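Open the model in your viewer and keep the selection tool ready. The stops below follow one another.

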Amino acid sequence: MKDQTLLPLYNKDKQSDLPHPPPQGSQDGASSAGTHAHARRVYIETYGCQMNVSDSELMAGILTQSGHQTVSHLDDADVVLVNTCAIRENAETKVINRLKHLNHRKRRHPELIIGVCGCMAQHLRDKLLDTAPYVDLVMGPDAYRNLPVALDSLARGVESHVSLTDRDPFLGLRLDKNEDYADIAPIRKEGIRAWLTIQRGCDKMCTFCIVPFVRGRERSLPLKLLVEDVEKLVDQGFKEVVLLGQTVNSYHDDSADFGDLLYAVGDVNGLERLRFTSPHPADATDSMIDAMASSPSVCKHLHLPLQSGSTEVLDRMRRTYTAEEYRSLVLKLRERIPDIALTTDIIVGFCGETDAEFMETYQMMADIRYDSAFMFKYSEREGTLAHKALPDDVPETVKGERLEQIIKLQESISADINSAAVGGTVPVLVEGESRRDADRYHGKTDGFKTAVFPKSDSGIGAVVNVRIDNTTAHTLIGQVV
Ligand code: SAH
Ligand code: F3S
């Protein structure tokens, strides 16, 4: 597994082809609100984590509601919105390069409106306009309601032929702790799995992390509304729902906590599987564990970011748990839910990380034996607490070596765990045709492993029992029995 620029925990596509038409809707998200004086055709390009994919669905909803259209190809667009990620430096570099490319297109089509949305818009603000002065719109995650107003105003500029250099960019960068977009219906791609944002922002302030600065304070959506949302998703044909939040398990609505939400949503008739990402270890309450153990639709898979196996490093990261507390939590989880699949996020080379501290991470990964892991080199982010107070002093080569070591370790653990599954039979939710072989389907196990198997009578959306014949570190290969 490589260092991942993006956080595609459940999203293998580096770049989403969002927005997609609504399940029963017309192609290219044709407007449901009728004609519009300055109706624009908008192409949304998504970088980063699932929260961004979910935000792009929200943006598509907002635009469509106000009479704009979303299109699936850049060639058909007169507006391109790049929904960006700021989590690591290479994520931002990728976007800057993409913007340069879009600027070439704009030179040929001066009427093209280019917008930068999401975390990087919020993070880089003015700097972005210096590096990419051709950008017309810069909008952070809490300002998407202003998209229609922004497009109207920019479209007027285009139509009155104001020269490119004289156009004022539209800025929407206010963070709003009350914005939860509860009334907006996102436009999702038709499919098996739907992502549902249940919480926005983050209050944790890990010292390495830019998220609290670009996404603002934590806020949860009302439980009753989320249950209704899931009912609608099931009606639309989705079999699996993934609840999304930065610290998803710190969810609360009055007296209801995350465990209550899991029970309530898990009970929705017709929902096959319920997942969530990402929980914070410090918020892994008994109520969450009970719901995972008892609610039949809640998958027995937990993505539990460790970050480091050294208590000292965790302390510098302000993760609010010790290595020992994390180990006890894993023990408890495995006691209560013996077949639980565990995955994690690891950062190597954080400020001041010594060889011995790194080895504690290595040892912890060897002991816990995660099913899989996303592993990253520390990337200093301007504006974070670490950037202000802790020197980024682990040499790049050392970061690279450490990353390689844990990747090698994790690959061999993942391969071992998977090969131990050979001969067994696992339920798999069929998601679609295999990309490599039109005679095969692919799907996910309850523990979120990819399984590939020859097509059978049960089609996409069905749960089939697959006998595992063969495995790699990343895939289970078998037959429907
Ligand atoms: N709570 C969020 C975390 C978002 S960031 C969630 O899991 O949804 C995802 C992962 O990126 C983090 O768990 C961390 O491992 C990694 N990460 C965050 N900031 C980073 C940085 N500055 N450098 C390297 N990796 C980072
Ligand atoms: Fe970032 Fe820590 Fe929140 S990793 S998203 S500040 S829990």
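Buried here means under 20% relative accessible area. Phe-350 has a relative accessibility of 0%, so Phe-350 counts as buried. Keep in mind that this is a predicted model.

**Stop 1**

Phe-350 sits in the loop between strand E15 (341-348) and helix H11 (355-368), and Tyr-378 in the loop between strand E16 (372-377) and helix H12 (385-389), so the pair ties together parts 28 residues apart in sequence. Tyr-378 has a relative accessible area of 4%, so Tyr-378 is buried too.

**Stop 2: ligand 2**

Phe-208 leads on to the next selection, as it is one of the residues around ligand 2. Colour by residue class, and the shell divides into 7 nonpolar, 3 polar and 2 charged residues.

**Stop 3**

The structure holds 7 aromatic pairs. Select Tyr-144 and Tyr-181. Their ring centres are 6.2 Å apart and their planes lie at 20 degrees, so this pair is stacked. Which parts does it tie together? Tyr-144 is in the loop between strand E5 (137-139) and helix H4 (147-159), Tyr-181 in the loop between strand E6 (170-172) and strand E7 (193-197); the pair therefore links parts 37 residues apart in sequence. Tyr-144 is buried at 0% relative accessible area. Tyr-181, at 3%, also counts as buried.

**Stop 3: the cores**

Nonpolar side chains tend to be buried together in soluble globular proteins. Select the largest nonpolar core, which has 57 residues. Leu-243, Phe-258, Leu-262 and Phe-276 touch the most other members. Helix H6 (residues 223-235) gives the most to this core, with 6 residues. Centre on Leu-243. Beyond its neighbours within four places in sequence, its contacts include Leu-196, Ile-198, Val-248, Leu-261, Leu-274, Arg-275 and Thr-277. Another core, of 28 residues, lies apart from this one; among its members are Ala-77, Val-82, Val-116 and Leu-128.

**Stop 4: helix H3**

Leu-128 is also one of the buried residues in H3. Select residues 119-131 and look at Arg-125: a kink of about 90 degrees in helix H3 is centred there. Other buried residues in H3 include Cys-119, Met-120, Ala-121, Gln-122 and His-123.

Methods: Residues numbered from 1 in each chain as written. Chains lettered and ligands numbered in written order. Predicted model: local features only at pLDDT ≥ 70, side-chain atom pairs only at ≥ 80, totals over all residues. Heavy atoms only, no water. Core = buried A, V, L, I, M, F, W, Y, C linked by side-chain atoms within 4.5 Å. Buried < 20%, exposed > 50% of the residue type's maximum accessible area, 1.4 Å probe, protein only. Helix = DSSP H or I, 4+ residues; strand = E, 2+ residues; numbered from the N terminus. Contact = heavy atoms within 4.5 Å. Near = heavy atom within 4 Å. Nonpolar A, V, L, I, M, F, W, Y, C, P; charged D, E, K, R; others polar. Bend = angle between axes of the 7 residues up to and from the residue. Phe/Tyr/Trp six-rings, centres within 6.5 Å; stacked < 30°, edge-to-face > 60°.
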